[in-house]
Amino acid sequence: MCLSDSTSLMDRTVIKFSHCDKDIYCFSDYNVCWEPSVHAFTADCRESKSRLSRCPLCFQPLKFNLLEAPVSIPCPFTNGHNSPYAFNIGSMCGPLHISEYDDSELHIGITNSKGVVYNYTLTGVRRDECGWEQCVSLQLAPSGWSSLSDQWDAELEHFSSMALWAPQRFHEEREFGSRCYAFALTFINHMRTKAGKPCLTRDEFTGNYVLPRIKITSKYVRVYQEISHNGFYVPDKHRHEML
Ligand SMILES: [Zn+2]
């Protein structure tokens, strides 16, 4: 089973430009559907920003000077299998559901040095070699931990084999959606203890590391969904919907 299915991948590039005194978000290829002549003209320069020809608000031709040129919005998702020593946040429903505005359950996993994602589920600890291609990854092993990185894989494997993470214990003391998180955070604290660092409480780890990334991701998902539905998106500046 893979965590995300390919139909829900978010693989289009979001760009932002200014016109009509507003910030306007769209996909980098949005103009194709309503300006065929421009499409033909720009077919040879697919990456060129010249594909943007008209503003979706005023329909005037777009001309940018260098400072106004459209900018790409960084995608908050990375391939968890290319992120060794990381805390990965994914969703069984696909990356569009990694958002604080979504009710579906998030799933957490820890990567070893080779990008295998260890995650605690109803069937015990899984070692996923695929399925985490679009997730939010928090790097866990800064340079000060380098002496531990050699031990990381063996520790993770040993930790995952402990009776604490047996399938039949999954429902014990379970707050909804939290057992995979407990597995990951307990391992992080296990490694922090070995490195002579104090353990982190769930609130500390969530507040300092997880929530800031989830907030950025939630805004991106919101903008992405709006563009998917409407072709473009103009945020309300007063509601802090900017990226
Ligand atoms: Zn305009």
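I started with Trp-152: it is buried, with a relative accessible area of 1%. I kept in mind that this is a predicted model.

Next I looked up Phe-187, which is buried too, at a relative accessible area of 0%.

Then I checked the aromatic pairs, and the count came to 16. How are the rings of Trp-152 and Phe-187 placed? Their centres are 5.2 Å apart and the planes sit at 90 degrees, so I wrote this pair down as edge-to-face. I also noted that the pair links distant parts of the chain: Trp-152 is in helix H2 (residues 146-160) and Phe-187 in helix H3, 35 residues apart.

Both rings turned up again in one aromatic cluster, together with Tyr-85, Tyr-120, Phe-159, Trp-165 and Phe-183.

Now for H3 itself. It covers residues 179-194, so to speak 16 residues, and reaches 23 Å from its first C-alpha to its last, close to the 22 Å expected. I found a list of buried residues in H3, including Tyr-181, Phe-183, Phe-187 and Met-191. After H3 comes Gly-196, and I noted its positive phi, near 75 degrees.

Back to Tyr-181: it counts as buried at 8% relative accessibility. Phe-205 is buried as well, with a relative accessible area of 3%. The rings of Tyr-181 and Phe-205 have centres 6.4 Å apart and planes at 80 degrees, so they are edge-to-face. This pair also links distant parts of the chain, with Tyr-181 in H3 and Phe-205 in helix H4 (residues 202-230), 24 residues apart.

Last entry: what lies over the face of Tyr-181? I found Arg-202 there, at 4.3 Å from the ring centre.

Technical notes. Residues are numbered from 1 along each chain as its sequence is written. This is a predicted model: local features need pLDDT of at least 70, side-chain atom pairs count only at pLDDT 80 or more; totals for chains, interfaces and linings use all residues. Side-chain values use heavy atoms; hydrogens and water are left out. Helices (H or I, at least four residues) and strands (E, at least two) are DSSP runs, numbered from the N terminus. The expected span of a helix is 1.5 Å times one less than its number of residues. Buried means under 20% relative accessible area, exposed over 50%, partly exposed in between (1.4 Å probe, protein chains only). Rings of Phe, Tyr and Trp (its six-membered ring) pair if their centres lie within 6.5 Å; planes under 30 degrees apart count as stacked, over 60 as edge-to-face and the rest as tilted. A charge sits over a ring if NZ of Lys or CZ of Arg is within 6 Å of the ring centre and within 35 degrees of the ring normal.
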